[in-house]
Amino acid sequence: MEGLRAIAIVAVLLCHAGIPIASGGYVGVDIFFVISGFLITRLLLAELERTGTVSLLNFYARRARRLLPLLFLVLATVVVGSRLFLSPVQATEVSGDVVSSAFFSVNWHFAAGSVDYFAQGADPSPVQHIWSLAIEEQFYLVWPTLILLATMPFLWRGFSPRPVLWVAVLLIAAASFAIGLGLTADQPNAAYFSTLGRAWELGLGAAVALLGAVPLPRLAGAALAWAGAGAILYAVVGFDSTTPFPGSAALAPTLGTAALIVAGGVSTGAGRLLSLRPVRYVGRISYSWYLWHWPALIFAAAVWGALSQSLALAVLGASLLPTVLSHHWIEEPLRRSGTVISPPARSLAVGAGCMAAAALGGLALIWTQPAIRTAPSDEVEGAAALASQPRPQQRADAVRPNPFSARDDRSRMYEDGCLVGTSGTRSNRCEYGDRDGRRTMVLFGDSHAMQYFPAIEKLAEKHHWRLIALAKAECFPGEVSVRSETTGREYSECDSWRVNALRRIDSIEGPATVLVSGATEYTPVRGDGEALDGGEGTAQLESGYVATLEQLRRAGKRVAVIKDIPAAEDDVPSCVSKEMANLQACSFRRHRDWADEFDADAARRARAARLVDVTDAVCPHDTCRAVIGNALVYRDRQHLSATFARTLAPRLEAGLRRAKLI
């Protein structure tokens, strides 16, 4: 098993270092799942057949000694590292990650975040890798009890427990595999973290354990071993971030691992390679190395910025030091310590103490963050301050929204459910302003359109407009199919919503002006699902945008495009939370190449369409500011805060007047 663990950890390390030839190295986790299912089931089955029962107390005591002390040390290190190297906002977010890691529920925590559109693009957590350990621990919690309950009636009658265990494993694995297929097709990002969609991989290991030793001729064993190794290599080299995973793709590394385990009793070339002393040692320390390597990469990137491949490999090499030390001084001694082993309750107490201490450490990350004062509304000028602030604001004693709550500074439109989620295909009524007004304004697009709602609602109230807000998360307003980063697949719900929204706009009676806006970071897809990148993709997006504008014009509507704003490379509230005395450090130059200007080009190409551009209010003199007039400009990396957007009302009104739309 140590040789297989070595393959798994090396694959994961190379993948996380960004080595192209190991782009599918994330399947190392799947190898670990099969190994865990095999070893735990073999251990439980041996005890069951030897004693007629399973000591749950002893089992959980062994797990606690094996896993929890080292995990506590790593989580404690993450707490300290987050306090030292991450911004207060980032550290506060890591706090929840650490607490859920301490209680092995972090996979569900990340699964929930993976389907949150506004969480996309957030920096990875230094404990993100703990999701796989959480799944294993959930398996360890349920599987021994299930084995005991399922087999007791048969053991009492003198029957072998294996047949009923075969039924249990096959049913659980089949159900889990079906769930995994469905989740991967519908929500692959969430499927990646799902215990329900991953349990079959542990079940596959359990099935191999139930097989027992399989007598194989040497030639057949060698063929099986090399086929298994080939399947794993195929996944490591051939898969990448675009591979739908886990789903059916996970069969390659998992069946490959099962094949190597089954052939393990036969002397083969593959077996001899995996039995080499250095290979086995890497496998022996794999748990410790897995725990240490990811925080090392995250904190190194926080200090030095994006890591090159060579620097990432150097960081992984450096993480060997805490790996080896903690393996030999903590993991192994505590695992075999007579003081801790007996009685088992002592091991459980040590484990519970480790979990509680880690959770308290996570909470301490919140308690120790610096306080940032929220500016009162009457102290916030926002865009109005540009007339008296030719230079970027250097410092602030208070800002609004507070960086710690900036992600929630969204408009009333969001609170009213008028940003349709990824699964929706129709908007609610979503009418604002003067509902009896003689002029109708329609805000149409994605969340980048929604960000202008506070300003447009202000204008609607001033001019007695009827305002209809039609927006869908991550949905490109142009007539072209795109890929959803939240669901990780072609976004068919966007196409349906767009059709329904355009029909509703077409049905509006009386004068109507449609304000269209959307992000410029979409990936279009062809009819066969193939993604289009580069110039071809940009041309497709621009043509789709023009088609929508022309359709609105033919429907008799007046049309304007509100140009997208530049996106920051890093999370703006996070930067501001640590740079209140040096806000210039959070500003960034406006660098947008021609590929990101297609929304403006589409407005120029479409007949009778107008362009409204407020970029100069966000990025005066091509420097995008983090704070203007005590208003936090961005609520994340790419969306305006509702507080700042509200102050854009005069600018938007002037733009609409120049476009002769009001």
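Colleague: How many disulfides does the count come to?
Modeller: Keep in mind that this is a predicted model. A disulfide is a covalent bond between the sulfur atoms of two cysteines. Going by sulfur atoms within 2.5 Å, the count of disulfides comes to four.

Colleague: And what is the pairing, if you number the bonded cysteines in sequence order?
Modeller: Take some of the links in turn: Cys475 goes with Cys494, Cys575 with Cys586, and Cys619 with Cys624. Numbered in sequence order, the bonded cysteines of the protein pair as 1-2, 3-4, 5-6, 7-8.

Colleague: Is the link of Cys475 and Cys494 right-handed or left-handed?
Modeller: The two sulfurs of Cys475 and Cys494 sit 2.0 Å apart. Cys475 is in the loop between strand 6 and strand 7 while Cys494 is in helix 22 (residues 492-506), so the bond ties together parts 19 residues apart in sequence. Cys475 is buried at 0% relative accessible area, and Cys494 is buried at 0% too. The angle about the S-S bond is 80 degrees, and that makes the link right-handed.

Colleague: What about Cys575 and Cys586, right-handed or left-handed?
Modeller: Here the sulfur atoms are 2.1 Å apart. Cys575 is in helix 24 (residues 572-578) and Cys586 in the loop between helix 24 and strand 11 (588-589), eleven residues apart. Cys575 is buried at 17% relative accessible area, as is Cys586 at 6%. With -90 degrees about the S-S bond, the link of Cys575 and Cys586 is left-handed.

Colleague: On to rings. Is the pair of Phe476 and Tyr545 stacked, tilted or edge-to-face?
Modeller: A pair of aromatic rings is described by the distance of the centres and the angle of the planes. For Phe476 and Tyr545, the centres are 5.5 Å apart and the planes stand at 90 degrees. Planes over 60 degrees apart count as edge-to-face, so the pair of Phe476 and Tyr545 is edge-to-face.

Colleague: Are Phe110 and Phe193 buried or exposed?
Modeller: Their ring centres lie 5.9 Å apart with the planes at 45 degrees, so this pair is tilted. Phe110 is in helix 5 (residues 106-114) and Phe193 in the loop between helix 8 (188-191) and helix 9 (195-211), 83 residues apart. Both belong to one aromatic cluster, with Tyr26, Phe33 and Trp131 among the other members. As for Phe110 and Phe193 themselves, both are buried.

Colleague: Which ring does the charged end of Arg63 sit over?
Modeller: There are two such contacts to look at. Arg198 lies over the face of Tyr192, at 4.6 Å from the ring centre. For Arg63, the charged end is 5.2 Å from the centre of its ring, and that ring belongs to Tyr140.

Colleague: Last one: which helix gives the most to the lining of the second largest pocket?
Modeller: That pocket holds about 720 Å³ of space and is lined by 28 residues, with Arg5, Leu39, Arg63, Arg66 and Arg335 nearest its centre. The lining divides into eleven nonpolar, four polar and 13 charged residues. Several helices supply at least two residues each, including helix 1 (2-16), helix 3 (56-85) and helix 16 (320-336). The most, eight residues, comes from helix 2.

Conventions:
Residues numbered from 1 in each chain as written. Predicted model: local features only at pLDDT ≥ 70, side-chain atom pairs only at ≥ 80, totals over all residues. Heavy atoms only, no water. 1 Å grid on protein atoms, 1.4 Å probe; cavity = no way out; pocket = protein on both sides within 12 Å on 5 of 7 lines; lining within 4 Å. Points joined across faces, edges and corners; volume = space filled by probe spheres on them. Helix = DSSP H or I, 4+ residues; strand = E, 2+ residues; numbered from the N terminus. Nonpolar A, V, L, I, M, F, W, Y, C, P; charged D, E, K, R; others polar. Phe/Tyr/Trp six-rings, centres within 6.5 Å; stacked < 30°, edge-to-face > 60°. Buried < 20%, exposed > 50% of the residue type's maximum accessible area, 1.4 Å probe, protein only. Lys NZ or Arg CZ within 6 Å of the ring centre and 35° of its normal.
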